[in-house]
Amino acid sequence: MTATDPLSPLVLVVEDEPQMRRFIRTFLGAHGYRVLEASTASEALLLATSHNPALVLMDLGLPDGDGISLTRSIREWSKTPIVVISARGREDDKVDALDAGADDYLTKPFGVNELLARMRVALRHASTAPVEQELDLGGLRIDFARREVTRDGQPVHLPPIEYKLLTLLARHAGKVLTHRQILKEVWGHGAQEQAHYVRVHMAELRKKVERNPARPEWLVTEPGVGYRLRDRSVGG
Ligand code: CA
């Protein structure tokens, strides 16, 4: 535990490599976070339950278990944001971690600023859970109460399914959602054979929402994983 403000967010770092842990502890401390460390899955579960951290940074390969199962266990009782940091860059691992309930995924080696930005997004989602009436994503505005979307002040007319798709991503702005999560939330099921629904409707949505659909500014593809809506008002 580093000696910082007791009110600063407490981050549980689950990582079995001592050098990596030291590196993370140092830069998190320098950015005002308090840090708890676990080098095994069992230790992590114990600390997560006893300290209720504001955020968990989770390595996947642990000596006594797997970060994906650990994510699933934590999700059974806690909504605390979980950001996976792993050397495994396979798309399947990302999808599994996100479907297990992780909020985001960064492949090692990652940049410190990138990790801090993802952590801020995850923490903001955790703290602003109450639904906002209106969202300004930097040129793209959604008025949830009126079900109105405007881009650069011009109204954007969306069929219900595309509106649902956009608002789902907007409610999770900055966070990647997997194809399965999107299917389940928008269409009510997660069947793999309907994966093309997402692709087809995303293409339609981009045509209406993006200034240049070929180079999306808001509706970003995470190859092999899903989609992320970029909040351009925070540069994230
Ligand atoms: Ca490891």
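1. **Basis.** This is a predicted model, in which local features need pLDDT of at least 70, side-chain atom pairs count only at pLDDT 80 or more, and totals for chains, interfaces and linings use all residues. Residues are numbered from 1 along each chain as its sequence is written, and side-chain values use heavy atoms, with hydrogens and water left out.

2. **Calcium site.** The calcium ion has three protein donors named here: D16 (OD), D59 (OD) and G61 (O). They lie 2.2 to 2.4 Å from the ion. Donors are N, O and S atoms within 2.8 Å of the metal (3.2 Å for Na, K and Ca); water is not among the atoms, so the site may look incomplete. The sequence spacing of the donor residues is D-x42-D-x1-G. D16 sits in the loop between β1 (10-14) and α1 (18-30), and G61 in strand β4 (residues 61-62), so this pair ties together parts 45 residues apart in sequence. Helices (H or I, at least four residues) and strands (E, at least two) are DSSP runs, numbered from the N terminus.

3. D16 counts as partly exposed, at 28% relative accessibility. G61 is also partly exposed, at 34%. The cut-offs: buried is under 20% relative accessible area, exposed is over 50%, and partly exposed is in between (1.4 Å probe, protein chains only).

4. K108 lies in the loop between β7 (104-107) and α5 (112-127). Is K108 buried or exposed? K108 counts as buried, at 15% relative accessibility. Its side chain joins that of D59 through a polar contact of 3.4 Å. A polar contact is a pair of N or O atoms within 3.5 Å; within protein, one must be able to donate a hydrogen and the other to accept it, and residues adjacent in sequence count only if both atoms are side-chain atoms. D59 is also a calcium donor. Beyond four places in sequence, K108 is in contact (heavy atoms within 4.5 Å) with E15, E17, M20, D59, I85, S86 and A87. The peptide bond from K108 to P109 is cis, with omega near -5°. P109 lies in the loop between β7 and α5.

5. **α2 and α3.** Two packed helices are described by the angle between their axes and the distance between the axes. Axes are lines fitted to C-alpha atoms, for helices over the stretch in contact, and angles run from 0 to 180 degrees between N-to-C directions. For α2 (residues 41-51) and α3 (residues 67-75), the axes come within 11 Å and cross at roughly 20°. That makes the two helices roughly parallel. Angles under 35 degrees count as roughly parallel, over 145 as roughly antiparallel, 65 to 115 as roughly perpendicular and the rest as oblique. A41, A44, L45 and A48 of α2 make the contact with L70, S73 and I74 of α3.

6. **α1 and α5.** The axes come within 12 Å and cross at roughly 65°. The two helices are therefore roughly perpendicular. On the α1 side the contact is made by F23, F27 and L28, and on the α5 side by V112, L115, L116 and M119.

7. **α6 and α8.** The axes of α6 (residues 160-171) and α8 (residues 195-209) come within 10 Å, crossing at roughly 85°. This pair is therefore roughly perpendicular too. The contact residues include I161, L165 and L169 of α6 and H201, L205 and V209 of α8.

8. **K164.** K164 belongs to helix α6. K164 is partly exposed, with a relative accessible area of 40%. Leaving aside neighbours within four places, K164 is in contact with E185 and V186. E185 is 21 residues from K164 along the chain, with 8.8 Å between the C-alpha atoms.

9. **E134.** E134 is in strand β8 (residues 134-136). At 39% relative accessibility, E134 is partly exposed. Its side chain makes a polar contact of 2.8 Å with the side chain of R141. Outside four places in sequence, E134 is in contact with R141, I142, D143 and F144.

10. **Positive phi.** Which values of phi go with N52 and D152? Phi of N52 is near 45°, a positive value in a residue other than glycine. N52 lies in the loop between α2 and β3 (55-58), and counts as exposed at 54%. Phi of D152 is near 50°, again positive in a residue other than glycine. D152 lies in the loop between β10 (148-151) and β11 (154-156), and is partly exposed at 41%.
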